[in-house]
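Hi everyone, thanks for making time. Could you put the structure up on the screen, please? I'll talk you through it.

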Amino acid sequence: MAKAFLSGNDAFAEGVRLARPQVISIYPITPQTTVVERISEMVEDSSLKSELIHVESEHSALSCAIGASAMGARTFTATSSQGLLYMAECLQYASGGRFPIVMMNANRSTALPWNIYGDQRDSLSQLDCGWIQVYVEDAQESLDMALQGYHIAENPLVSTPVMVNLDGFVLTHTYETVEIPSQTDADRFLPPFQTENKMSLDNPKNLAFSVGPDNNMEFKYIQHKAMLDSRRVIEETDAKFAEIFGRSYGGLTQGYRIDDADYILITLGSITGLCREVVDELRERGEKVGLLKLRFIRPFPSDDLVAALESAKAIGVLEKDISFGYEGTVYTNVNSVIAKNGLCLETYNFIAGLGGRDISRENITAIFRHLQTGGQHVNFIGLGVTIDE
Amino acid sequence: MIEIRWHGRGGQGAFTAAKILGAASLIDNKFSLAFPSFGPERRGAPIQAFNKIDGKAIIDRSEIKSCDYLIFLDDTLFSDDYLKDLKDDGIALINTATPDKFSNFSQIQTIDANQIALKIIKKPISNTAMLGALACISDDISLSSLQQASDLYLSASQAAKNKLILKESFEHFKEVH
């Protein structure tokens, strides 16, 4: 295992190299561009043997990946923001066709006003597109989830595409120390892609077909069931990864000092680290606070959430997202599981970091204060105003 | 934690310097983050780059507000206002051919980094000369690790010349201060 000083995008590219995808379709968009640049260099210098196709749009990038996956090839593509939205039509073709593509999304704000900085509105707006969605915290987790992504997606019980989300710039363009696994260990973890769901002259079949009202709902039920089943596969994948590489991320969620916590903050992605530091500071003062990192949001980790939150007095959801006219989407999802399971606790939503605004240590400390004292339910951090539902 | 902000213009190598410094910290068994000012980049336009260096893994990815070192690759980018972004014992290091302009401020140290760069690479690209001076000022940053890290982000011929710049700048700064 070698140590290197890499950006999140570079680290993800290393993970892609180790996963040996056979077809890669690329179209650049900030802040994703450097990952496909790095992969292009790898193909050029033959450290990655793959068919690299530079297409003319994001719609084509995902269409190309779907076509290659339908031939039984392991495929990769990457996008961000408006690019993800431009491929929205194809997202559902990929998931409905059960093509286990892995795609990196550099989380970036959506227009208008136009902005290239990070927030999570792009991917969270696509929660219902049938893709597994994971959010990573640092460059190491980026690399590791490139590998794990294929292991989860290609499991025959799952056969569903995986979107790995990196916070734009804060992760994609920040350099830090990363351990790069050996190809031998990567191969031991991730065997070559085998599937029955492909076009074959030996075993001809119809793919990507029409289904009318008589059977269409059955297909959707099966797709939903596969996504639910992926929860077990995600946990098994994490365990196998830990066995080979010595790193575990805890599966769908990762708790931090939650066992006796009265107040728990739920986070996604790169802000989690700073929140951990604030938890430590408050714990030193004897305050019973904790943190739950939501790694996967589809499939939704309902059981993990119930187990983690059931003894808490109040919880908060910190997200770089707003569903206009209601509240943060992650908050809506969390509230649903709390209501269904009859948990008796207060919940608060903290909308922060939209369009790349910095989230400070003071902001996080104030959020925990809000959990303890109560107040408005939906809060915009760093804006000086609140709008409650 | 040591927090550093680089001020330069697009093309002057501020972010490359931050990456070399980050990689040098890894060689010294420390942890570091190196990141550019986020957003669009244009040649010649003012840009910033950042380092955080610590003995343990750095998980706080928020903006740097208070710096141990402010480094200006171009003295036209300096303004007195920036000095309030320094920690109490922080230092602003400025690349300038006219040090007298800055002699009123106790927190400022200067070096004519362009002159060193011009002598060795025939171009006024001052980033590695500023790193050499920084290694002289700070006990936490070693010249040999910076030289080793130069190989990672510069071509072989550029790395060789920039290692000379690092050494010359380090020694020059030591002599003068």
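Predicted model: local features only at pLDDT ≥ 70, side-chain atom pairs only at ≥ 80, totals over all residues.

Let me begin with a question: where is the place of L112(A)? L112(A) sits in the loop between β5 (102–107) and α6 of chain A. Helices here are DSSP runs of H or I with at least four residues, strands are runs of E with at least two, and both are numbered from the N terminus.

Residues are numbered from 1 along each chain as its sequence is written, with chains lettered from A and ligands numbered from 1 in the order in which they are written.

Back to cis bonds. The peptide bond from R298(A) to P299(A) is cis as well, with omega near 0°. P299(A) is in the loop between β12 (296–298) and α11 (302–309) of chain A.

Now some backbone angles in chain A. S159(A), a residue other than glycine, has a positive phi, near 40°. You'll find S159(A) in the loop between α7 (139–153) and β7 of chain A. Buried or exposed? S159(A) is buried, with 20 other C-beta atoms within 10 Å. The cut-offs: 20 or more other C-beta atoms within 10 Å of a residue's own makes it buried, 12 or fewer makes it exposed, and in between it is partly exposed, with C-beta atoms placed from the backbone.

R257(A) has a positive phi too, near 55°, and it is also a residue other than glycine. R257(A) belongs to the loop between β9 (253–256) and β10 (263–267) of chain A. With 16 other C-beta atoms within 10 Å, R257(A) is partly exposed.

Okay, zooming out to chain A as a whole. We have 13 helices and 15 strands there. The radius of gyration of chain A is 21 Å, close to the 21 Å that the globule rule gives for 389 residues, so chain A is as compact as a globular protein of that length. That radius is taken over C-alpha atoms, and the rule is 2.2 Å times the number of residues to the power 0.38. Along the principal axes, the C-alpha trace of chain A spans about 65 × 55 × 45 Å. Of the 389 residues, 53% count as buried. As for contacts in chain A with a separation of 6 or more, 79% are between residues 24 or more positions apart; a contact needs the C-beta atoms, placed from the backbone, to lie within 7 Å.

How is chain A divided? There's domain 1 (2–192 + 211–245) and domain 2 (254–380), with bounds from an automatic or database domain assignment. The centres of the two domains of chain A, taken over C-alpha atoms, are 26 Å apart. Across that boundary, 25 residues of domain 1 of chain A are in contact with 20 residues of domain 2 of chain A. On the domain 1 side, the elements giving two or more residues are α6 (121–124), β6 (132–135), β7 (162–167) and α9 (216–245) of chain A. The largest share, 5 residues, comes from α9(A).

Next, the two chains together. Here 21 residues of chain A are in contact with 18 residues of chain B. On the chain A side, β1 (2–7), β8 (175–180) and α10 (272–284) each supply at least two residues, and α10(A) has the largest share, 4 residues. By class, that side of chain A has 8 nonpolar, 7 polar and 6 charged residues. Nonpolar means Ala, Val, Leu, Ile, Met, Phe, Trp, Tyr, Cys and Pro; charged means Asp, Glu, Lys and Arg; the others, Gly among them, are polar.

Last stop, chain B. Which residues of helix α2 (residues 113–121) of chain B are buried? They are A113(B), I116(B) and A117(B). Those residues cover an arc of only 95° around the axis, which puts them on the same side of α2(B); the arc is that of the directions from the helix axis to the C-beta atoms. Their cover includes β5 (86–95), β6 (108–111), α3 (127–137) and α5 (156–176) of chain B. Just after α2(B), K122(B) takes a positive phi of about 65°.

In helix α5 of chain B we find H172(B). H172(B) counts as partly exposed, with 19 C-beta neighbours inside 10 Å.

Key. Contact = placed C-beta atoms within 7 Å.
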